[in-house]
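Could you walk me through this model at the level of helices, side chains and contacts?

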Amino acid sequence: MILHCGFCRFRPDADPAETVKVLQGLADLCADFPGVISFQHGPNRDFEQKSQAFKAGFVIRFTDQSALQHYADHPKHQALGQRLCELCVGGADGIIVFDLEC
C-alpha cells in the first residue's frame, strides 16, 4: 500500500472556498478511482505547533505504486493539481508531498 500525503501552504490571498473546492474535487476524483482505497482531507490543526504555514492537507491510500502513477497521470488530477499549485505560496513549492510504502 502507498500512503500519498500532501500538505498545502496556501497564499494569504487564496480564497478559502476555492481551496476547499479543489480538495473536494480531488476527493470526488478518488471516490471511484481504480486502486484508491481512501481519501481524506481537511484543515491542519497543528496541535504541536510545528507546521503553522501549512493550512490544509490530504491523504490518499493507494493499493500500490502503479495505482498512484495512474492517478498522477490522469488529466483531471493534473488539472486539479495545477489549480492547487496556483493557490499555494511559490506554486508547486508550496506543497509538500510524502509517499510512504506501508
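Glu86 counts as partly exposed, at 39% relative accessibility; here buried means under 20% relative accessible area, exposed means over 50%, and partly exposed is in between, with a 1.4 Å probe and protein chains only. The model you are looking at is predicted, and local features need pLDDT of at least 70, side-chain atom pairs count only at pLDDT 80 or more, while totals for chains, interfaces and linings use all residues. Residues are numbered from 1 along each chain as its sequence is written, and side-chain values use heavy atoms, with hydrogens and water left out.

Stay with Glu86 for a moment. The side chain of Glu86 meets that of Arg83 in a salt bridge, 3.1 Å from N to O. The term stands for a side-chain nitrogen of Lys or Arg within 4 Å of a carboxyl oxygen of Asp or Glu. Both Arg83 and Glu86 lie in helix H3, three residues apart, about one turn of the helix. An α-helix has 3.6 residues a turn, so residues three or four places apart point the same way.

Arg83 has another partner too: Glu18 forms a salt bridge with Arg83, the closest N and O atoms being 3.0 Å apart. This pair links distant parts of the chain, with Glu18 in helix H1 and Arg83 in helix H3, 65 residues apart. Is Glu18 buried or exposed? At 19% relative accessibility Glu18 counts as buried, and Arg83, at 28%, counts as partly exposed. The structure holds four salt bridges, and one of them pairs Asp13 with Arg11, whose closest N and O atoms are 2.8 Å apart. Asp13 is exposed at 56% relative accessibility, whereas Arg11 is partly exposed at 27%.

Now follow helix H3 itself. Helices (H or I, at least four residues) and strands (E, at least two) are DSSP runs, numbered from the N terminus. H3 covers residues 75-86, and its 12 residues reach 17 Å from first C-alpha to last, close to the 16 Å expected at 1.5 Å a residue. That expected span is 1.5 Å times one less than the number of residues. Which residues of H3 are buried? They are His77, Gly81 and Leu84. These residues cover an arc of only 60° around the axis, which puts them on the same side of H3; the arc is that of the directions from the helix axis to the C-beta atoms. On the other side of H3, Pro75, Lys76 and Gln82 are exposed.

What covers the buried residues of H3 includes strands S1 (2-8), S3 (56-62) and S4 (95-101), along with helices H1 (16-31) and H2 (65-73). A contact here means heavy atoms within 4.5 Å. His77 counts as buried at 18% relative accessibility.

Turn next to H1. Its 16 residues reach 23 Å from first C-alpha to last, close to the 22 Å expected at 1.5 Å a residue. The buried residues of H1 include Val22, Leu23, Leu26 and Leu29, and the buried residues of H1 pack against strand S2 (36-43), S3, H2 and H3.

Finally, look at the aromatic rings. Rings of Phe, Tyr and Trp (its six-membered ring) pair if their centres lie within 6.5 Å; planes under 30 degrees apart count as stacked, over 60 as edge-to-face and the rest as tilted. By this rule the count comes to four aromatic pairs. Phe7 and Phe98 make an edge-to-face pair, 6.4 Å centre to centre with 65° between the planes. Phe7 lies in strand S1 and Phe98 in strand S4, so the pair ties together parts that are 91 residues apart in sequence. Phe7 is partly exposed at 33% relative accessibility, and so is Phe98 at 44%. The rings of Phe39 and Phe58 have centres 6.1 Å apart and planes at 10°, so this pair is stacked. Phe39 sits in strand S2 and Phe58 in strand S3, 19 residues apart, and both are buried. Phe33, Phe62 and Tyr71 form one aromatic cluster.
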